[in-house]
Amino acid sequence: MNIDMIRAAAKRLDGHAPRTPLLNAPFLDEIAGRRIWVKAECLQHTGSFKFRGAWSALSALYPATRAKGVIAFSSGNHAQGVALAAKKHGVSAVIVMPADSPALKLANTRAYGAEVITYDRATEDRDAIGEQLSEERGLTLIKPFDEPQVIAGQGSCGLEIAAQASEQGIENADVIVCCGGGGLTSGIALALEADAPGLRVRPAEPKGFEDVTRSLETGEIQRNAQLSGNICDAIITPQPGDITFPIMQRLCGPGLVVTEDEALRAMAHAWNRLKIVVEPGGAVALAAALFHADQIEGDDVIVTVSGGNVDASMFTRALETLT
C-alpha cells in the first residue's frame with residue numbers, strides 16, 4: 001500500500017463517485033466543545049463509502065478477469081458497493097451476506113442486480129463460503145477491507161478530507177473514522193500522511209467489538225469474542241486485517257469506543273442538525289466526538305459519517321432519543 005495507489009484509484013473514481021461534503025453545525029459544536037466537521041459519506045453512491053473501494057477494485061481488474069464476475073462478503077454496505085460497481089461495469093456479482101443483515105441492505109443489494117447468498121454469521125465462516133464459491137464459479141473475490149485496491153479506493157476519501165480541511169484552514173486535528181476491519185481507516189491514514197500530516201486518524205468502534213482499539217493498545221491483532229449482537233452491524237468484523245493493522249499501528253492514535261445508546265443519539269443529532277440519515281455503525285465517529293470530548297484535543301475534530309443505510313424501525317428508535 002502506498003499513496004500512488006490511492007491517487008491512481010482517485011483518478012479512476014473521478015466522474016463515477018461524488019466528492020462528499022464536509023459539514024458543520026454550530027449546535028453540534030456546542031455539545032462537543034469544539035468545531036465538528038462531518039465528512040458525509042452517507043451521501044456517497046449506495047449510501048456509504050464502500051462504493052469507493054468497490055469501484056477501485058473492479059476497475060483495476062483485467063477486463064477478461066472482470067468479465068467472469070465477482071464475489072464479495074458483507075453485512076450490507078460493501079455488498080451494495082460491489083453490486084453497483086459490477087452493474088456499472090456490466091458484469092455479474094454474487095454477494096454473501098449475514099441472514100440478519102438489515103432488510104434494506106438485503107433488498108438494495110438484490111435491486112442492484114446481485115445474487116445474494118445468506119449465512120449465519122454466528123456459526124458459519126463467511127471467508128470460507130466466499131472462497132469456495134469463488135473457486136467453484138471462477139469469480140474474483142473482492143474482500144471488504146483487507147485488499148490493496150479496496151483500501152486505495154477508500155483512501156480517496158482521505159484525499160478529499162485533506163483538501164477540504166485545507167479549504168477551512170484546519171492544519172491540526174483528530175480525524176475520527178468509523179472502523180470495522182480498517183479499510184477506510186488505513187486508507188484515510190495513508191492519504192493524510194501524504195497530504196495533511198497534521199491530521200491524525202483515530203478509529204471509533206462500538207463497545208464490545210473494539211478489536212482495533214485493543215489491537216492498537218497491545219501491539220498485536222486481537223479478535224472479537226463474538227460477531228453479532230450489536231446494532232452497529234456495518235462495522236462488526238472478526239479482527240483487523242493483516243494489511244490494514246500495520247498501517248493503523250504506524251499512523252493512528254488511540255481508538256475511541258462508544259455505546260449503542262451514544263450511536264443512536266448521534267444519529268438523531270445528525271438528522272436534527274445536519275439533515276442527514278446515518279446508520280448506527282456510520283454514527284460511531286460522530287458519537288465519539290460528541291460524547292467523548294475529554295479524549296480529544298484541539299479546536300477542531302473531523303469525523304466520518306460512513307453510511308446511511310438504516311431500516312425505518314432503527315431510525316425511528318434513534319429519533320426517539322431526542323424526546
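**Pocket, sheets and cores of the predicted model**

The largest pocket has a volume of about 460 Å³. A pocket here is found on a 1 Å grid over the protein atoms alone, as an open set of points where a 1.4 Å probe fits, with protein on both sides within 12 Å along at least five of seven lines. Its grid points are joined across faces, edges and corners, and the volume is the space filled by probe spheres set on the points. The structure is a predicted model, in which local features need pLDDT of at least 70 and side-chain atom pairs count only at pLDDT 80 or more, while totals for chains, interfaces and linings use all residues. Residues are numbered from 1 along each chain as its sequence is written, and side-chain values use heavy atoms, with hydrogens and water left out.

Which residues lie nearest the centre of the largest pocket? They are Arg-126, Phe-145, Ile-236, Thr-237 and Pro-238, out of 36 lining residues, where lining means having an atom within 4 Å of a point. Helices α5 (77-89), α7 (126-137) and α9 (183-195) each give two or more residues to this lining, and α9 gives the most, with three residues. Helices (H or I, at least four residues) and strands (E, at least two) are DSSP runs, numbered from the N terminus.

Next come the sheets. Strands of a sheet pair through backbone hydrogen bonds, either parallel or antiparallel.

Val-175 has Val-201 as its bridge partner in β8, and Ile-176 stands opposite Arg-202. All six residues of β7 are buried, that is, under 20% relative accessible area, whereas exposed is over 50% and partly exposed is in between (1.4 Å probe, protein chains only). Ala-173, Val-175 and Val-177 cover one face of the strand's account, with Asp-174, Ile-176 and Cys-178 on the other.

The largest nonpolar core has 38 residues. A nonpolar core is a set of buried Ala, Val, Leu, Ile, Met, Phe, Trp, Tyr and Cys residues joined through side-chain atoms within 4.5 Å. Ile-36, Ile-176 and Val-303 have the most contacts inside this core. Beyond its neighbours within four places in sequence, Val-303 touches Ile-36, Trp-37, Val-38, Lys-39, Ile-176, Ala-285, Leu-286 and Ala-289. Which element gives the largest share of the core? Helix α13 does, with seven residues. Seven of the eight residues of α13 are buried, so this helix is largely enclosed by the rest of the structure. Apart from this core lies another, of 25 residues, including Val-82, Ala-85, Val-91 and Ala-93.

A further open sheet has four strands in the order β5-β4-β3-β6, with parallel pairing. Its edge strands are β5 (115-119) and β6 (140-141), each pairing on one side only. Strand β3 (residues 70-73) is joined to β6 by two bridges, and Val-70 stands opposite Thr-140 in β6. Four bridges join β3 to β4, with Val-96 of β4 as the bridge partner of Phe-73. Six of the six residues of β4 are buried: Ala-93, Ile-95 and Met-97 on one side, and Val-94, Val-96 and Pro-98 on the other. Helix α6 (residues 103-111) lies across β4 (93-98) and β5, running at about 175° to β4.

Finally, helix α10 (residues 211-218) has Asp-211, Val-212, Thr-213 and Ser-215 among its buried residues. What covers them includes β8, α11 (244-251) and β9. Just after α10, Gly-219 takes a positive phi of about 80°.

Conventions
Two strands pair if DSSP finds at least two bridges between them. Contact means heavy atoms within 4.5 Å. Axes are lines fitted to C-alpha atoms, for helices over the stretch in contact, and angles run from 0 to 180 degrees between N-to-C directions.
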